[in-house]
Amino acid sequence: MDRDGVRYRPETGCAAQADLRRDALTATAPPAERWLLIESHTPWPRQALTSLRHSGLREGLSGGELGALVARMCREAGVRPVLIRRYGRVDRSGPRRWGLVDCRPGRELVRWGELPADEHLLEVLAGNDPGQVSDEPVYLVCTHGRHDACCAVRGRPVAAALATVYPERTWECSHIGGDRFAANVVVLPHGLFYGHVPPARAVELAKRYDEGVVVPDLLRGSGAFNPAVQAAQHFARAAGHSPAVGNLLPQSVEVLGDHRWRILLASTNGLLAVAVSAHLDTVDARLTCAGSSPAQVRRFELLSLITA
């Protein structure tokens, strides 16, 4: 059901309409250099962190205040918090887990620990519980139906496909942005955002990541980089440069003014100078199922691409 009580119809949802408009995935990954993953067994509200509950382990803190405090600490540390859960039936007998992920180039790392109570997140964010390093990638699939119906309808079949092959790596997650690009998948620790992922190609993303390459036609970008860099990387790959995960790292970003940038990328073929521009287009469409029309979308254009 949508916010007006009208039954949701997949063919008129924001993701289906974005498909019809052929909205570009390029450079739409939101900034996310670091992540806090919070395993949750309770239904997710529209605003994820309001589900955090105070259990009495920390005096002078109410349940509502806990979510606000975790959100503030995450903002100050540059960490993106999301709720996670396993696909399908949840085993509530074991301990919940937290995860900290660093996506910054050269620092990519995943750490996991146990979450005895939600207040323990404060210790994690304060650096008092380092957890254990894991060399396994993490696949997040947005299925946050209370935030946007398209995410649940399109995301759950993708989560099912991934969980069938990679049950320990796969998690459903709360809102990550870009509802119109559902199903959305994030591959950690490199922070690769993929959009419009069909169930038939979900495992392909994981296998290609194990091989050290991205899947360009479904890639929104890496949250470790700003949108201008994401756009420059996209245009470089489209010009035939290697899709390797570690290729095309930015060496410098020069603001040229008037929404134009010159980005120097390190390629396996040498340094590339890529100039891009950004434009806002007005579309007669809703960018989320609960959004309003008209709306504005950002579009990048390639100005030049030369060997530096």
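In which sense do β1 and β2 pair, and over how many bridges? They pair in the parallel sense, over six bridges, where two strands count as paired if DSSP finds at least two bridges between them. Before I go on, a word on the basis of all this: the model is predicted, so local features need pLDDT of at least 70 and side-chain atom pairs count only at pLDDT 80 or more, while totals for chains, interfaces and linings use all residues. Residues are numbered from 1 along each chain as its sequence is written, and side-chain values use heavy atoms, with hydrogens and water left out. Helices (H or I, at least four residues) and strands (E, at least two) are DSSP runs, numbered from the N terminus.

Let me start with the sheet. It is open, has ten strands with mixed pairing, and its order is β5-β4-β3-β1-β2-β7-β6-β8-β9-β10. The edges are held by β5, residues 132-134, and β10, residues 219-222; each has a single partner strand, so one side of each is left without a neighbour in the sheet. Neighbouring strands are turned by 30° against each other on average, direction ignored, with axes taken as lines fitted to C-alpha atoms, for helices over the stretch in contact, and angles running from 0 to 180 degrees between N-to-C directions.

Now back to β1, residues 34-39, of which five of the six residues are buried, meaning under 20% relative accessible area, with exposed being over 50% and partly exposed in between, for a 1.4 Å probe and protein chains only. Towards β2, Leu-36 has Pro-81 as its bridge partner, and towards β3, residues 96-102, five antiparallel bridges are found, with Arg-34 standing opposite Asp-102. Asp-102 in turn stands opposite Leu-109 in β4, and β3 and β4 pair in the antiparallel sense over seven bridges. Their hairpin has six residues between the strands, and Gly-106 there takes a positive phi near 85°. From β4, three antiparallel bridges lead on to β5, where Ser-134 is opposite Val-110.

Elsewhere in the sheet, β8, residues 185-188, and β9, residues 192-194, run antiparallel and are joined by three bridges, with Tyr-194 in β9 as the bridge partner of Val-185.

Turning to the helices, α4, residues 149-165, lies across β2, β6, β7 and β8, and runs at about 155° to β6. The axes of α4 and α5, the latter spanning residues 199-210, come within 8 Å and cross at roughly 45°. That makes α4 oblique to α5, given that angles under 35 degrees count as roughly parallel, over 145 as roughly antiparallel, 65 to 115 as roughly perpendicular and the rest as oblique. Where do they meet, if contact means heavy atoms within 4.5 Å? On the α4 side the residues are Pro-157, Val-158, Ala-161, Leu-162 and Val-165, and on the α5 side Pro-199, Ala-202, Val-203 and Ala-206.

Helix α1, residues 14-21, also comes into this part of the model: its buried residues are Cys-14, Ala-15, Ala-16 and Ala-18, and they pack against α4. After α1 comes Arg-22, whose phi is positive, near 60°.

I will finish with Ala-295, which lies in β14, residues 295-307, and is buried, with a relative accessible area of 13%. Leaving aside residues up to four places away in sequence, Ala-295 touches Asp-281, Thr-282, Val-283, Ala-285 and Leu-287.

Methods
Contact means heavy atoms within 4.5 Å.
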